[in-house]
Amino acid sequence: MTDVHGAVDAVWKLESARIVAALPRLVRDVGLAEELAQDALVAALEQWPLSGVPANPGAWLMTTARRRAVDRIRRDRLLERKHEQIARDVREDAAEDGRDDVLRLMFVSCHPVLPAEARVALTLRLLGGLTAGEIARAFLVDETTIARRIAAAKRTLAEERVPFELPARAELAERLSSVLGVVYLVFNEGYAATAGDDLIRPDLCLEALRLGRMLAELAPDHAEVHGLVALMELQASRAAARTGPSGEPVQLQEQNRGRWDQLLIRRGFTAMLRAREAGGPPGPYVLQAAIAVCHAQARTAEDTDWARIAALYEALVRLLPTPVVRLNRAVATGMAHGPQAGLDQADSLLTDPALRDYHLLPGVRGDLLARLGRDEEARLEFRRAASLTRNAAERAFLHRRADALTGPAAPAATLGSAARDFLGRDGLDAATIRSYGQTLRRLCRALGDDLPLTSLTADVVARVFATAWGDAAARTWNRHRSAVSSFGTWASLEGLAAHLERRAATGPPAPAIEGAELVELLGRPGIAPRERALWSLLHESAAGVSTALSLNVEDLDPSGCRARANGSWITWHEQTARLLPPLVAGRTRGPLFLSDRRPGPARTPSEADLCPDTGRRRLSYERAEYLFKQATKTVDPTGTGYTLRRLRAREARH
């Protein structure tokens with residue numbers, strides 16, 4: 001029995017993508033196609049233990065799934081109208097090997113109409129054959145979240161009537177780029193896990209490699225496909241050497257190259273040759289693969305051709321000038337032309353908003369500063385990088401690098417300790433603590449808790465403000481400016497806000513979102529229950545965003561449709577009354593609106609902002625605002641998305 005179940009599982013992993021991909025031309029629905037394929041899997045689990053595994057198990061599953069599709073159409077009383085189409089499609093299916101169907105399924109799963117997270121989940125589900133639980137474990141989220149993403153993605157594809165076909169030639173390059181991006185995203189999450197205890201998740205690397213190799217077979221004339229495969233093969237070849245005995249990271253120049261997988265290296269070289277044979281100017285993946293080839297060809301770290309790598313990064317920056325690519329160029333420049341040259345390039349990224357919480361920026365700066373002998377600055381950067389990463393192995397590694405640098409004794413007063421003392425004063429109400437805390441947390445994340453307080457200057461503060469709130473509304477900018485000014489006065493650091501001009505509000509306030517618009521927003525697929533409840537509460541109560549986010553479960557009076565906040569009551573109506581109970585879900589105290597994940601060890605919030613039942617922290621204003629802007633980009637004429645304040649009704653409803 002166990003052997004049969006193992007055979008079913010193995011066959012499903014190999015054949016599920018082809019089976020699911022073959023059915024949409026019959027049923028015209030990707031979600032239904034997967035259900036029918038699952039029905040065939042259930043049939044195999046029921047019948048094969050009794051009848052034995054068939055000689056061609058993949059064909060058995062395909063035939064069973066097609067029969068279920070015909071039965072489904074018959075049950076829906078569409079047989080007569082569909083009969084001719086079914087016969088034609090079945091004949092076509094029998095004549096094809098399924099390769100085009102799998103390619104179509106790849107393009108549909110990675111369709112631009114879906115958000116990136118949904119593309120990844122749906123691709124792994126339909127093409128990888130992974131369960132929602134397996135995907136959830138790989139990405140360290142709960143299974144319900146993944147199931148919801150997959151279900152929302154299927155609904156969106158159906159509602160948007162995305163055709164099950166290959167894209168037209170005019171849009172092929174853009175659509176192919178989306179597919180490649182999803183595959184590489186899966187690989188990167190496995191190769192350098194962004195969260196959790198382990199640095200590498202081999203299962204995700206292997207799945208991405210399998211998808212990439214499959215794509216290379218299906219689209220052999222596209223150089224970028226082979227470039228991506230070459231890049232993944234060569235990076236994966238170093239996996240065994242990237243961690244030490246205890247799972248700690250090992251830097252590239254310190255790796256035992258004898259542990260590099262020579263088979264994967266040869267595969268990478270072969271894929272690179274195919275990319276060159278495909279012709280055309282090198283794209284981003286081909287250039288990145290060429291960089292990986294330079295590393296693979298070097299027999300020792302000293303043999304690495306850093307000058308060529310730096311030149312390849314210059315070409316890549318011209319083609320793909322993203323902040324991360326420019327940071328990687330700084331590393332290569334530092335190795336080819338000296339640490340100061342690399343540091344100059346890295347420092348130019350300090351004010352880039354996209355990298356404000358990216359732990360590798362202070363990590364790279366720390367390495368370059370250490371090579372320049374500026375140990376104290378390097379130590380602070382390594383510690384700041386450790387506070388930003390969500391990966392436990394990487395955090396421990398960064399702390400070890402910081403501890404290995406000698407220097408003077410720690411200063412008596414640091415930014416982190418001063419911020420805690422400032423917020424811990426008597427006489428501050430909860431709303432003030434929360435407001436000041438948002439400002440000081442951003443300073444600490446941008447500069448590090450261990451920054452000596454004497455190093456906090458007006459210039460440094462102005463740089464953080466430009467990165468964090470440069471595009472913020474006048475009200476938000478002025479609130480954070482006032483918080484910094486108060487903190488500076490308390491800490492005897494006069495003039496911290498000297499370079500921060502107070503902003504004047506421009507123009508009339510933006511109009512509130514009308515009820516019909518809100519109903520449309522709340523009805524969209526993929527909107528989480530938390531967002532639905534928050535948006536409805538803000539609209540019906542006319543409460544401020546900070547006030548709504550400060551609510552605790554124990555503040556609620558559900559029967560009265562109200563809650564106490566800062567000494568007064570806010571009230572709501574029927575819609576919010578329906579949406580709040582599932583959000584509470586048996587909790588009796590703690591923040592009403594919670595973040596998606598538990599905070600890392602370096603980000604423990606105050607007890608008042610932590611849910612005692614789930615361990616998750618209070619949802620931040622910044623995150624809530626970001627999610628609303630993402631949801632409203634398509635309806636905002638400027639394309640930037642609306643702020644949460646637009647949800648407040650014109651008249652308060654207290």
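How many nonpolar, polar and charged residues does the lining of the second largest pocket have?

**View 1. Welcome to the whole protein, shown as a predicted model.** In this predicted model, local features need pLDDT of at least 70 and side-chain atom pairs count only at pLDDT 80 or more, while totals for chains, interfaces and linings use all residues. Residues are numbered from 1 along each chain as its sequence is written, and side-chain values use heavy atoms, with hydrogens and water left out. The protein has 29 helices and 5 strands; these are DSSP runs numbered from the N terminus, with helices being H or I of at least four residues and strands being E of at least two. Of the 654 residues, 49% are buried. Here buried means under 20% relative accessible area, exposed means over 50%, and partly exposed lies in between (1.4 Å probe, protein chains only). Among contacts (heavy atoms within 4.5 Å) with a separation of 6 or more, 65% are between residues 24 or more positions apart.

**View 2. Strands S3, S4 and S5 make an open sheet.** The order is S3-S4-S5, with antiparallel pairing; two strands pair if DSSP finds at least two bridges between them. S3 and S5 stand at the edges with a single partner strand each, so one side of each has no neighbour in the sheet. Strand S3 (residues 556–557) is joined to S4 by 2 bridges, and Asp-557 has Arg-562 in S4 as its bridge partner. Between S4 and strand S5 (residues 568–571) there are 4 bridges. Ala-565 has Ser-568 in S5 as its bridge partner, and Ala-563 stands opposite Ile-570 in S5.

**View 3. Two hairpins and the two faces of S4.** The S3–S4 hairpin has 4 residues between its strands, and Cys-561 in the turn has a positive phi of about 50°. In the S4–S5 hairpin, 2 residues lie between the strands, and Asn-566 in the turn has a positive phi of about 55°. In a regular strand, side chains alternate between the two faces of the sheet.

**View 4. Arg-149 sits in helix H9 (residues 143–159).** Its relative accessibility is 22%, so Arg-149 counts as partly exposed. Not counting residues up to four places away in sequence, Arg-149 touches Glu-117, Ala-118 and Ala-121. Arg-119 is 30 residues from Arg-149 along the chain, and their C-alpha atoms are separated by 8.9 Å.

**View 5. The second largest pocket has a volume of about 330 Å³.** Of its 14 lining residues, Arg-365, Glu-377, Glu-381, Leu-451 and Arg-463 are the closest to its centre. On a 1 Å grid over the protein atoms alone, a pocket is an open set of points where a 1.4 Å probe fits, with protein on both sides within 12 Å along at least five of seven lines; lining residues have an atom within 4 Å of a point. The largest share of the lining, 5 residues, comes from H19. And the opening question? The lining has 7 nonpolar, 1 polar and 6 charged residues.

Methods
Grid points are joined across faces, edges and corners, and a volume is the space filled by probe spheres set on the points. Ala, Val, Leu, Ile, Met, Phe, Trp, Tyr, Cys and Pro count as nonpolar, Asp, Glu, Lys and Arg as charged, and the others, Gly among them, as polar.
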